Structure formats: structure tokens, C-alpha cells
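Trainee: I am new to this structure and would like to learn how to read it. Could you walk me through a few features?
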Amino acid sequence: MRHQPSYRPIMLNRLEMMRIFCATAEASSFKEAAIRLGVSPQAVTRAVKELEAILAEPLFYRNTRQMRITEFGEQLALRARDTIADVDELFLRSGKQLASEMSGIVRITAPIVIGKRFLVPLLGKISREHPQITIDLRLSDTHSDVVEQQIDIGVRVGFLRDSSFVARALSKVSFLIVGTPELVARSGRPRTLQELHDHPTIALVDKSSGKTWPWFFADGQQLTPKMASFITDDSSVELDLALDSIGFAQIGAPLVIPYIKSGHLVTVLDEHIAPSWDLYVYRPQRGPVPDRIRLVYDEIAKALGDKKLFPIQP
């Protein structure tokens with residue numbers, strides 16, 4: 001006993017009917033067309049009949065022994081083949097299309113110091129290995145307008161304002177009060193939060209508000225030191241100033257841990273360290289992701305999630 005082949009169901013929308021018709025126009029019979037398409041002969045017959053009813057024209061002369069396409073059918077098939085090919089091209093992932101997905105601009109936003117110290121070397125490596133990708137890196141300690149700047153990938157410490165982002169939490173970032181041994185020898189070591197007011201400090205300005213960022217501590221405490229020796233709106237300058245013994249500063253642990261280990265910086269007031277903040281890499285846009293964006297996104301996530309490359313504990 002021969003088993004009947006299983007056929008996939010056909011949704012007879014107009015594009016599918018036209019696709020069946022074109023295959024039938026190239027075949028010697030409805031049966032042959034059905035075999036080529038992997039459908040039942042009944043599906044081919046139904047599609048042709050429905051198309052003839054829509055067009056109000058016969059497409060084939062047929063009897064029990066043979067089938068011949070009409071002149072109207074020939075002209076229709078000639079026009080329809082190019083249209084169907086164009087539609088199919090939209091969904092084909094050819095080598096050429098894959099290559100195009102790996103070329104183009106990837107726009108990234110990140111905090112200034114994280115961008116300079118950690119992302120620039122990584123993105124430089126990606127740029128060398130994939131010269132067809134153009135990296136557009138925008139560094140800011142304030143939240144970027146991802147729509148206006150057409151951002152593809154973002155890195156942010158703290159809370160994400162938009163819950164629609166596709167985000168991945170990579171690690172926890174603590175903020176430490178640091179200064180150089182030379183600074184401690186010159187001005188002394190603050191023992192309480194209030195004593196910070198009596199020591200030279202470095203203040204970081206929030207560009208969006210023009211106000212100085214407060215320092216955060218355990219139990220929800222905040223404090224803005226009064227003896228700022230230097231005020232800047234650039235967090236990379238803040239770190240350089242701390243290394244130059246200008247004053248104490250509150251800086252993210254991954255940025256200062258290498259200098260703590262080397263002895264260039266020391267921490268103070270460790271018992272008042274605030275709870276850690278999340279470090280995120282995110283994509284503002286949901287939906288299909290071009291290969292170039294996925295590659296850069298995954299490489300950033302891998303690097304910033306690696307505790308050797310991005311240390312979070314002294």
C-alpha cells in the first residue's frame with residue numbers, strides 16, 4: 001500500500017495564488033506543478049480557479065488529457081514572475097545582504113570615563129577587524145536623547161528611564177571616595193562624612209542642570225562637599241585631578257581599582273559606601289537587529305561583564 005504524501009496547507013491569498021499560477025504556467029500539468037510546489041493537485045486547481053474568478057479571464061485550456069495556457073495567461077505569467085521575484089528578494093538573506101548588514105554605522109552612547117577607559121580600546125579593535133563598520137561614539141554623563149541621536153547601543157550606570165529598552169545588567173558598580181597618599185599626608189584623612197567639608201574635593205557638574213552632583217552614601221545619605229578645589233563637567237578630568245592630588249573624589253570602583261592596586265590612590269570612609277548601582281548595556285529599539293549592531297552589542301556586554309577587564313572589587 002502506497003502512502004499518500006503529506007501536503008502543507010495553503011493560505012490562498014492573492015500572492016500565493018499568483019505564485020501557484022506561475023509554477024503551473026511552467027509545468028506540463030497541474031499534477032507536475034503540485035509536485036514542484038509540494039502541495040496537493042487539489043490546491044493547485046483551487047488556486048487557479050479562484051484566480052480566474054478574480055480576473056474574470058480563463059488562464060488555461062484544459063481537458064482530461066492535457067492543459068494549455070491561454071494568451072492572457074501567458075502575458076500575466078510574464079508580468080507576475082518579476083513581481084514575485086522582487087517580493088522573494090525582500091526575504092532572502094543572500095551573502096550580499098548579509099554583507100550589507102555587517103556594513104554601516106553603529107551609534108553608541110556611554111558615560112565619559114567608561115567610554116574613554118574601556119570602550120575606546122574595544123571599539124578600536126572592532127573597527128580594525130571590521131573596517132566596513134563605522135563606529136559613532138557619543139560620550140556624555142547625562143542621558144542621551146536616543147531618538148534624536150539615533151542611538152543603536154547605550155551603556156549606562158544606574159536606572160534606565162525607559163522600560164521599553166532591551167537591556168542587560170552586566171555588573172554592579174560601587175562608588176568609592178578616593179585620594180592620593182600625597183593628599184592624605186597633606187590634608188589628613190576624613191573620619192566622618194561631615195569632615196569632608198574640611199578637605200579639598202573635586203566637584204562634578206551635571207550638564208543637564210548645571211548643578212553639582214551630590215555624593216551618595218549608605219542609608220540614603222547625600223552630601224555635597226563645600227571645599228571644592230576644582231569643578232568640572234567632565235568625569236575623565238575628575239579622575240585625572242584626583243590622581244594629581246587636587247582633592248578627594250567619589251568615583252566608580254572599576255575606574256579607580258587599578259590605581260588603588262598600584263598604590264596611586266587610597267580609599268577613605270569605606271564604612272559609608274552606598275549600595276552598588278547596576279551597569280547596563282541596552283538597545284533602544286526592539287525588533288530585528290542588524291548583524292553589525294548585534295556584534296558590537298555582544299562585544300560590549302562581554303567586555304564590561306568581564307571582571308578582569310572591568311573590575312568591581314579592589
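Mentor: Leaving aside residues up to four places away in sequence, leucine 204 touches Lys211, Thr212, Trp213, Thr232, Asp233, Asp234, Ser235 and Glu238. Please keep in mind that this is a predicted model, where local features need pLDDT of at least 70, side-chain atom pairs count only at pLDDT 80 or more, and totals for chains, interfaces and linings use all residues. Residues are numbered from 1 along each chain as its sequence is written, and side-chain values use heavy atoms, with hydrogens and water left out.

Trainee: Where is leucine 204 found, and is leucine 204 buried or exposed?

Mentor: Helices (H or I, at least four residues) and strands (E, at least two) are DSSP runs, numbered from the N terminus. Buried means under 20% relative accessible area, exposed means over 50%, and partly exposed is in between, using a 1.4 Å probe and protein chains only. Leucine 204 belongs to strand S8 (residues 201-204), and its relative accessibility of 13% makes it buried. Its C-alpha atom is 8.7 Å from that of phenylalanine 230, 26 residues apart along the chain.

Trainee: How do I read salt bridges, and how many does the structure hold?

Mentor: Side chains of opposite charge can pair when their charged atoms come close. The cut-off for a salt bridge is a side-chain nitrogen of Lys or Arg within 4 Å of a carboxyl oxygen of Asp or Glu. There are ten salt bridges here. One of them joins glutamate 32 to arginine 36, with 2.7 Å between the closest N and O atoms. Both residues sit in helix H2 (residues 30-37), four residues apart, about one turn of the helix.

Trainee: Which parts does the salt bridge of arginine 62 and glutamate 52 tie together?

Mentor: In that pair, the side chains meet at 3.1 Å, N to O. Arginine 62 is in strand S1 (residues 60-62) and glutamate 52 is in helix H3 (residues 41-55), so the bridge ties together parts ten residues apart in sequence. Arginine 62 is partly exposed at 37%, whereas glutamate 52 is buried at 13%.

Trainee: What about lysine 172 and aspartate 278?

Mentor: Their side chains form a salt bridge too, at 2.8 Å from N to O. Lysine 172 lies in strand S6 (residues 166-173) and aspartate 278 in strand S14 (residues 277-283), so this pair ties together parts that are 106 residues apart in sequence. Salt bridges can also form a network, as with Arg107, Asp136 and Arg138.

Trainee: Which side chain of opposite charge is nearest to arginine 156?

Mentor: When counting charge, Lys and Arg are positive and Asp and Glu negative, while His and the chain ends are not counted. For arginine 156, the nearest opposite charge is aspartate 141, 5.5 Å away; arginine 156 is buried yet has no salt bridge. This arginine is placed in strand S5 (residues 153-157). Among the residues that arginine 156 touches are Thr109, Asp141, Thr142 and Asp278.

Trainee: Last one: which residues in H10 are buried?

Mentor: They are Arg292, Ile293, Val296, Tyr297, Ile300, Ala301, Ala303 and Leu304. Viewed down the axis of H10, these buried residues fall within an arc of 165° (taken from the directions from the helix axis to the C-beta atoms), so they line one face of the helix.

How values were computed
Contact = heavy atoms within 4.5 Å.
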